[in-house]
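User: I am new to this structure and would like to understand the terms used to describe it. Could you take me through them one at a time?

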Amino acid sequence: LCQLLPDDNVLQFADISFDVSNEEIFPTLCSGGNVVIRPPAPVMILADLITLIREFSITVLNLPTSYWHEWVTYLEYYPVPDTVRLLLVGSEAMLGKHLTTWQEKVPHVPVWHAYGVAEATITSTIYQPSALSNTLDHNVPIGRPVTNTYAYILDQDRYPVPVGMVGELYLGGAALGHGYLNLPGITQKRFLPLEIFPFATFLQNHGLVSNIKDEKLYRTGDLASYLPDGNIEFHGREDDQVNIRGHRVELNHIINALIEHPAVQDVLVLPHEHKNGSTYLIAYFVVEDDQERIKALKTELYIYAQQRLPAYMIPHSFIYLNSFPLTINSKVDLKALPLPETMTTHERAVIPPQNDTERKLAEIWMRLLSCETIDREDDFFSLGGDSLLVARLIHEIVQLFGVRLDIHTLLKNPVL
């Protein structure tokens, strides 16, 4: 796919537990290239990434979209080293304005937008923009199927949809897995025999598949449409799965974990798209408790979630409600739920920053976290901070104070 060569140095950026790491490691080794292992750190800030690229002459990178978005934002401070010849970006929607900026500032390094699922051996489609992008106000397409992979967009009756109509994306081909180990029920629902599809005979009669009885298609649950040029555009999920920093998350898994807390009567977890393009999780909870305990309960729930969920599934904001707002049909009125930006962050009197340094830090926090006020006792992560915002925070501190903080220092001391 990347036409890797023996003199390529590929960075293993993804965590070893993440499927993308397989795509970084094994194709490189099979091509005779060198795999550069990422240093053990919870977050790799951009300054460290650039240092690593230069030290090991990295030629090919595969980065999460949200991380790449940050790099594009700070290209002025962290220019792309000359050794890089190709950049793959995936796991989340790519913003068109960032692609345009990259092509204008780094025209010599192509960036490809990848889409895929572990069930089809990671990357299934690639978008390779050949000229300056004009998709300034739109998400970048996910492209076309890679070699030996099939991608079909089908309606609810499993017929192919016309150009421009949204349908569900199905994947097939040589890279498709056989199913989920020891999970026959979900395997049967997701890995469907090709022969049940109404267009299967057409494919076989025209030599597009050898034997429809031997082929399967994987039902991704992703919504997509065909563009007039044949590329595929991604439209999100058809179920309650959301994509958080490259991880597919079932919201019900988070709800089931939080509802076990003895003080929680009801809980609802929803995704919220920040204006910077990142997706955050908000947990709304209903409890029978006095107001004095709500502040402590928010922290308690955060710790409770940390003990039961992986980091990317922990909600960034916990919002207390007396009860969920309902529609006239007695369903939860999602539009009436408050967002973190419109909530009063503090249930107590705000303790303002006490000196010039604290005031300057608070201004950075308010800008990064989209908060109107910052208490000097606020916790960066409780207000919605994550690994990417930590990296931005370190950058802002370096630019303003000329001081380089170790990331472990921030993780251990997140209070203003």
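Analyst: Buried residues, meaning those under 20% relative accessible area, with exposed over 50% and partly exposed in between (1.4 Å probe, protein chains only), make up 49% of the 416 residues in the protein. This is a predicted model, in which local features need pLDDT of at least 70 and side-chain atom pairs count only at pLDDT 80 or more, while totals for chains, interfaces and linings use all residues. Residues are numbered from 1 along each chain as its sequence is written, and side-chain values use heavy atoms, with hydrogens and water left out.

User: Why is E238 called partly exposed?

Analyst: The relative accessibility of E238 is 40%, so this residue counts as partly exposed. E238 lies in the loop between β12 (232–237) and β13 (241–244), where strands (E, at least two residues) and helices (H or I, at least four) are DSSP runs numbered from the N terminus.

User: Which residues does E238 touch, not counting those up to four places away in sequence?

Analyst: With contact meaning heavy atoms within 4.5 Å, E238 touches E168, R219, G221 and L223 when residues up to four places away in sequence are not counted.

User: What makes α3 largely enclosed by the rest of the structure?

Analyst: Eight of the nine residues of α3 are buried, and therefore the helix is largely enclosed by the rest of the structure. The buried residues are T65, S66, Y67, W68, H69, E70, W71 and V72.

User: Why is α3 called oblique to α4?

Analyst: Helix α3 (residues 65–73) and helix α4 (residues 96–105) pack at an angle of about 50°, with their axes 10 Å apart; axes are lines fitted to C-alpha atoms, for helices over the stretch in contact, and angles run from 0 to 180 degrees between N-to-C directions. That angle makes α3 oblique to α4, because angles under 35 degrees count as roughly parallel, over 145 as roughly antiparallel, 65 to 115 as roughly perpendicular and the rest as oblique. The contact is made by W68, H69, W71, V72 and T73 of α3 together with H98, L99, T101 and W102 of α4.

User: Which residues have the most contacts inside the largest nonpolar core?

Analyst: A nonpolar core is a set of buried Ala, Val, Leu, Ile, Met, Phe, Trp, Tyr and Cys residues joined through side-chain atoms within 4.5 Å. The largest has 48 residues, and those with the most contacts inside it are I254, L258, V269, F285, F318, F380 and L393. Apart from that core lies another, of 32 residues, among them Y67, W71, V106 and L388.
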